[in-house]
Amino acid sequence: MILVFLGPPGAGKGTQAKILEDRFGYRQISTGDILRRNRAEKTPLGLEAQEYMDAGKLVPDDLIIRMTEAELANAENVIVDGFPRTIPQAEAFDALLERKGLSAVAVIFDVDQGVLIERITGRWSNPRTGRVYHVKFNPPRVAGIDDDDGGPLVQRADDAADVVTKRLAEYAEKTAPLIAHYEKHGDFVHVNGLGEIGAVTQAIVAKLPGVGISRPS
Ligand code: AP5
C-alpha cells in the first residue's frame, strides 16, 4: 500500500508515519527529512533548498520531483510524507504511479489552525532519524534526549514563529488545493488529527483496515 500524508505543518504527519513504520513495517519517505539531511551534508540539492526552507517557502517543483522520483524507485509499502505539495508535484506523482502500475491513498489530516503553532513551537526532533517529540504532548523520557538512540534532540530553525506563519501561508495557497485534487481524482480518507496521538493512529487504521495487515515489522 502507498499512503500519501497530506496536512498542514504540525498536523502530525511525521508522528503518525513513524508509528506506522515501527508497527507495521512501512517505509516513511519524508521530503522534509531528505532535504534536511542534504543540507546537513551540504550537497548541491541541500545548498539550493536552504534559502527556500529558511524563508518558509516551498522548494521549487523541479528539484523536488527529481529528488522524490529517485526515492520512489522502490515504492512498495511506503508512506509519502510531505509530497506532493503542489498541483504540478501531484501530477508528476500520478504519472509516476501510472508508469509503475501502482495506486496511492491520500490520508488527509483535518486539524484546526489553532493547535498548529503550539504543536510546532513545542516540537523537538532527532535530526538523524526524523523522530519527533513534544515538550507537552509527547515528551521524551529525558528532556533533550531521544528515547531510541540516546542522541540529542534539536529544535528546527524553520519552527521559529515568524517562519511558521509563512509556512502556513504557503500551505494554504499551494498545498490545500491538493485536497480537492485527491477528492476528485483519487482514493482518499479524511482523518481527525485533533485527538491524542494514539487516537489518531487508531483512526487511520479504522479508516484503512489494510494498513494493519501490511508487512509486520
Ligand atoms: P516538512 O519537514 O515536511 O514540514 P511540514 O510539512 O511543514 O510538516 P511538519 O514536519 O512541520 O509537521 P508534521 O505534520 O510532520 O507534524 P509532526 O508529526 O512533526 O517540510 C519542511 C520544509 O521543507 C518546507 O517548509 C519546504 O521548504 C520543504 N519541503 C518539504 N517537502 C517539500 C515539497 N514536497 N515541496 C516543496 N518544498 C518542500 O507533529 C508536530 C508536533 O506536534 C510534534 O511535536 C508532535 O509531537 C506533536 N503532535 C503530533 N501529533 C499530535 C497530536 N495528535 N496531539 C498533540 N501533539 C501532536
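Helix H2 gives the most to the shell around the ligand, with four residues, where helices (H or I, at least four residues) and strands (E, at least two) are DSSP runs numbered from the N terminus. The structure is a predicted model, in which local features need pLDDT of at least 70 and side-chain atom pairs count only at pLDDT 80 or more, while totals for chains, interfaces and linings use all residues. Residues are numbered from 1 along each chain as its sequence is written, and side-chain values use heavy atoms, with hydrogens and water left out.

We can begin with the surroundings of the ligand. At least two residues of the shell come from each of helix H1 (13–24), helix H2 (31–40), strand E6 (132–134) and helix H9 (197–207). There are 35 residues around the ligand, and those that come nearest are Thr15, Lys57, Arg85, Arg123 and Arg167; a residue is near a molecule or strand if one of its heavy atoms lies within 4 Å of it. Sorted by class, the shell holds 14 nonpolar, 11 polar and 10 charged residues, where Ala, Val, Leu, Ile, Met, Phe, Trp, Tyr, Cys and Pro count as nonpolar, Asp, Glu, Lys and Arg as charged, and the others, Gly among them, as polar.

Some individual atom pairs can then be followed by eye. An oxygen atom of the ligand lies 2.6 Å from a backbone N or O atom of lysine 57, and a nitrogen atom of the ligand lies 2.8 Å from a backbone N or O atom of glycine 195. In arginine 119, by contrast, it is an N or O atom of the side chain that is 3.4 Å from a nitrogen atom of the ligand. On its own the ligand has 1000 Å² of accessible area, and the protein covers 97% of that area; accessible areas come from the Shrake-Rupley method with a 1.4 Å probe, and for residues only the protein chains shown count as cover.

Arginine 119 leads us on to helix H6. The buried residues of H6 (residues 113–121) are Leu116, Arg119 and Ile120, where buried means under 20% relative accessible area, exposed over 50%, and partly exposed in between (1.4 Å probe, protein chains only). These residues lie on the same side of H6 because they cover an arc of only 90° around the axis, the arc being that of the directions from the helix axis to the C-beta atoms. An α-helix has 3.6 residues a turn, so residues three or four places apart point the same way. The cover over the buried residues of H6 includes strand E5 (123–125), strand E6 and helix H7 (161–175).

Next comes the loop between E6 and H7, in which both leucine 153 and aspartate 158 are found. Leucine 153 is buried, because its relative accessible area is 6%. Apart from neighbours within four places in sequence, leucine 153 is in contact (heavy atoms within 4.5 Å) with Trp124, Ser125, Asn126, Tyr133, Pro140, Gly144, Ile145 and Asp146. Aspartate 158 counts as buried because its relative accessibility is 12%. The side chain of aspartate 158 also makes a polar contact, at 3.0 Å, with the side chain of arginine 156; a polar contact is a pair of N or O atoms within 3.5 Å, and within protein one must be able to donate a hydrogen and the other to accept it, while residues adjacent in sequence count only if both atoms are side-chain atoms. Not counting residues up to four places away in sequence, aspartate 158 touches Met53, Val163, Val164 and Arg167.

Valine 59 sits in the loop between helix H3 (44–54) and helix H4 (61–71), and it is buried, because its relative accessible area is 8%.

Finally, the backbone has some features to look for in other loops. Lysine 42, in the loop between H2 and H3, has a phi near 55°, a positive value in a residue other than glycine, and it counts as exposed because its relative accessibility is 62%. Asparagine 77 has a positive phi of about 50° although it is not a glycine, but it counts as buried because its relative accessibility is 14%. The peptide bond from phenylalanine 83 to proline 84 is cis, with omega near -5°, and proline 84 lies in the loop between strand E3 (78–81) and helix H5 (87–100).
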